[in-house]
Amino acid sequence: MSPDTATQNKTTIQFDDRTPRWFMIASITWGLVAMLVGIIAAFQLNFWQMNGKVFEWLTFGWFRSEGVEYLTFGRLRPLHTNAAIFAFVGNMMFSGIYYSTQRLCNARTWSDLLSKIHFWGWQLVIVFAAISLPAGLTRGMEYAELIWPINLLVVIVWVIFGVNFFMTLKVRRERSLYVALWFYIATIITVAMLYIINHLQIPTSWLHAYPIFGGVQGALVQWWYGHNAVAFFLTTPILGIMYYYLPKAAGRPVYSYRLSIVHFWSLVFIYIWAGPHHLLHTSLPTWLQYLGVFFSLMLWAPSWGGMINGLLTLRGAWDKVRTDPVIKFFVVGITFYGMATFEGPLLSIRSVSALAHYTDWIVGHVHSGTLGWNGFMAAGMFYWLAPRLWGTKLWSVKLANTHFWIGLVGILLYVASLWFAGVIQGLMLNETDASGTRLVNEFVQTVDKIHLLMLTRAIGGVFYLTGFILLAVNIWKTAQSGAPVDETREVFEDPALAKDGMTWSAAFRNDPVAYTFWCIFFAVLWFFLPPGASHMALFAMLGFAVLAVYRGRRDSAGWSRWYDELSENYLPFTVLVIIAVAIGGLVQIVPTVTVNRAMNVEDRLQKLYTPLELAGRDLYVSEGCYNCHSQMIRTLVPDVLRYGDYSRLGESIYDHPFQWGSKRTGPDLAREGGLRGDSWHYLHMLNPRAMNPQSRMPNYPWLFEKKTDFKSLPGRIAVQQRIGVPYPIMSPEEIEQNAREQALAIAARLVDDKVKIPVARGVEEPADAVAARDHLAGKQIVALIAYLQKLGAHDIVEPSAEPAPVRPRAIKPGLPDGFRLAPPAESTDATPPESTTTAQN
């Protein structure tokens, strides 16, 4: 290009740095909220009074309450996780992506309008979540609790973000896509796929819906989403940020471009398969469990490859660690990434999972990633960005260093205490006597044993929050000392720039793609085919792998040219990413469509919930009970000794959503039905300390005041029918009558047991037994008791049993024979059996 031509093609662009500024401010603000709520939840696990009773003390008795429904652990824990993931890390991710993408593309973001819609739409999602989750409006699935109208808003905002990003790639002035952009592409594509599929549901009202996946399929889809939400929302975008901001801060190039290629493609392909390791020893088909373990162990290689690539980027710049807080945060953040990605595959080993799953070890693992990896990378990025976004110097390097040490002490206290607590709890729960047939410890004993460790965890959280407050002050003072700046840069418009010209044939009809396809194809056949044929598939896969290595070595220049050209064409690159992440999901999810049917269960089939029991189940989900109680007895001797026979696939087949749980702060409830009388559950929900003085469970007084919504039951059962639950055909009137009759029967038994009936201030107590029965029958506590008494109910399925009848499609008049109320529990004694006397927490 001649000097005259270069001058003519020179143009000045101004980057949109307002959007990164806005997202950074939002991330810091919501991060403070998320951490504060997390600390409250942590103290609630030590002191039950933190669920609302504390307000009575703080107001010297003026505000009298046994509990505040909006502040219980079951409602605050989803608020904390969603705020930490989507509000704190989400806004941080968007800030980093918007800033770096413009520089890597040498172009302003394609649409300022879409950037504004994206920002305000995402903040609206967070505000709606902050209102709905404490109100008990939830889907009851971890990291996927938001109700369906908010889900739609999330999808719309995400699509707007994706369109803006990909259009920016299209108008870029750089030929090749840098490594960070690869990870951003994988994030946008995969999160969209995961979120949409896992949130498929049918509404029953504006505020409630049932997911279309239930039982074992619901569990698999949920943890396919849940595990990969961690992978593609909390990991891949932050890795992209690492690949951009770490070299910038260190003033060094990325250590190895080739290692980054291996890191990216192996991580994107392997991560999507690892979700089943969350469901080991459950009723998930064994082949899926081993599939999850196999791919989880494979994750060690790409994860540590990325960590090594990040740390070795600092070669020649390690002296900056002593003085530069940005480098400090990045180094420790990447180290925590290595620790967390070593621990994850370790926890997927079946013997380790038997000890760790359902304990606080898992909680510690999650927080080492979220606070150690995401939190420290966010802090480093904010300290690097703020001076550039406000055109000044960082207000206080000393304060940033103080933040680093306080935050590091906090996260070490937090994670280490939970590691110890989890191991202690797992060992105690699994301990048996010399005969191996009798448990040594009751559940509540383990809760008492780890009390100080749980308190240390909460104190560690206070340290971490204190450090983040220092960050907020530092960034605020930095902004005050400068003024908002949008970087201006002179660039050259090159009409001859060769980009995005790769044909689809060149992208896909080549040796690298062909050999990869055949290796994956025969690997899948090896897993599914019977012995003999599977061995042939294995040999074919190995043969293609060896041939691929041979051909790659012979034509390494040709393979390198193909990848270089691919990285200059964003559309073929994106399509390959879609294919890579879709394969794992299809292989796992599609076969469970046939497994999760009544005709394919082992030996037990779940009994349908009556209308009242369904209402009680929805209350159980609304109160967030799944955050503390599992409903899955694993195929482990201690689980069977403690809770009863192991859970079968068919025993949760009609559960939408499934409620297997992932943490046991309290005992498993899979076979709770019939173990205790109605009055025990009544008194336990009114005041758990009355049944077990050591319990840390909150009181639920509002369940004794609020009325069951009988009118909504016909619509809910209609949706249950549409998603495959074989409810008999009933008219709306029959559904409501059925529920009211069962409620009256339970209320009558409670009145016979002479339970205390709470009444609101200024309301007279019921005059007689009939009035007391009628008063109780309409309350939510009765519906919840009905549900708890149904847990574990099933029919025995003979091997020769006929397939289940075709499910009805609509509600029509007529109550068929055989659909009657569940028989009342024979025992109304408030004392549970000896083996479970102290099990309830």
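Reply: One term comes up from the start: contact, or touching, means heavy atoms within 4.5 Å. The model is a predicted one.

Me: Which residues does Ala-231 touch, not counting residues up to four places away in sequence?
Reply: Ala-231 is found in helix 8, residues 215–233. Its relative accessibility is 0%, so Ala-231 counts as buried. With residues up to four places away in sequence left out, Ala-231 touches Thr-236 and Tyr-271.

Me: How many Å apart in space are Ala-231 and Thr-190, C-alpha to C-alpha?
Reply: In sequence, Ala-231 and Thr-190 are 41 residues apart. In space, C-alpha to C-alpha, the separation of Ala-231 and Thr-190 is 9.6 Å.

Me: What radius of gyration does the chain have, and what does the globule rule give for 841 residues?
Reply: The chain holds 31 helices and 6 strands. Its radius of gyration is close to the value from the globule rule for 841 residues, so the chain is as compact as a globular protein of that length. The C-alpha trace spans about 100 × 70 × 60 Å along the principal axes. The two values asked for are 29 Å for the chain and 28 Å from the rule.

Me: Among contacts in the chain between residues at least 6 apart in sequence, what percentage join residues at least 24 apart?
Reply: Of the 841 residues, 59% count as buried. For contacts between residues at least 6 apart in sequence, the share that joins residues at least 24 apart is 85%.

Me: Are helix 9 and helix 15 parallel, antiparallel, perpendicular or oblique to each other?
Reply: Helix 9 (residues 236–250) and helix 15 (residues 360–389) have axes 11 Å apart and pack at an angle of about 40°. The crossing of helix 9 past helix 15 is left-handed. An angle of 35 degrees or less would be needed for another label, or one of 65 and up, so helix 9 and helix 15 are oblique.

Me: How do the residues of the contact of helix 9 with helix 15 divide into nonpolar, polar and charged?
Reply: On the helix 9 side, the contact is made by Ile-238, Leu-239, Ile-241, Met-242, Tyr-245, Lys-248 and Ala-249. On the helix 15 side are Trp-373, Asn-374, Met-377, Met-381, Trp-384 and Leu-385. The division is 11 nonpolar, 1 polar and 1 charged.

Me: Which orientation does helix 12 have to helix 13, roughly parallel or roughly antiparallel?
Reply: The axes of helix 12 (residues 300–312) and helix 13 (residues 325–347) come within 9 Å and cross at roughly 170°. Angles over 145 degrees count as roughly antiparallel. Helix 12 is therefore, relative to helix 13, roughly antiparallel.

Me: Against which helices do the buried residues of helix 26 pack?
Reply: In helix 26 (residues 678–686), 8 of the 9 residues are buried, so the helix is largely enclosed by the rest of the structure. The buried residues include Trp-680, His-681, Tyr-682 and Met-685. They pack against helix 27, helix 29, helix 30 and helix 31.

Me: Is Asp-360 buried or exposed?
Reply: Asp-360 sits in helix 15. Beyond four places in sequence, it touches residues including Gln-425, Arg-457 and Lys-663. The cut-off for burial is under 20% relative accessible area. Asp-360 has 3% relative accessibility, so it counts as buried.

Me: What is the phi of Tyr-143?
Reply: Most residues other than glycine have a negative phi. Tyr-143 lies in the loop between helix 5 and helix 6, and Thr-81 of helix 4 is in contact with Tyr-143. Tyr-143 is not a glycine, yet its phi is positive, about 65°.

Me: Which residues does the cis peptide bond with omega of about 0° join?
Reply: Most peptide bonds are trans. Pro-657 is in the loop between helix 25 and helix 26. The cis bond joins His-656 and Pro-657.

Note on methods: Residues numbered from 1 in each chain as written. Predicted model: local features only at pLDDT ≥ 70, side-chain atom pairs only at ≥ 80, totals over all residues. Heavy atoms only, no water. Axes fitted to C-alpha atoms, helices over the stretch in contact; angles between N-to-C directions. Helix = DSSP H or I, 4+ residues; strand = E, 2+ residues; numbered from the N terminus. Parallel < 35°, antiparallel > 145°, perpendicular 65-115°, else oblique. Left-handed = near helix turned anticlockwise from the far one by under 90°. Nonpolar A, V, L, I, M, F, W, Y, C, P; charged D, E, K, R; others polar. Rg over C-alpha atoms; globule rule 2.2 N^0.38 Å. Buried < 20%, exposed > 50% of the residue type's maximum accessible area, 1.4 Å probe, protein only.
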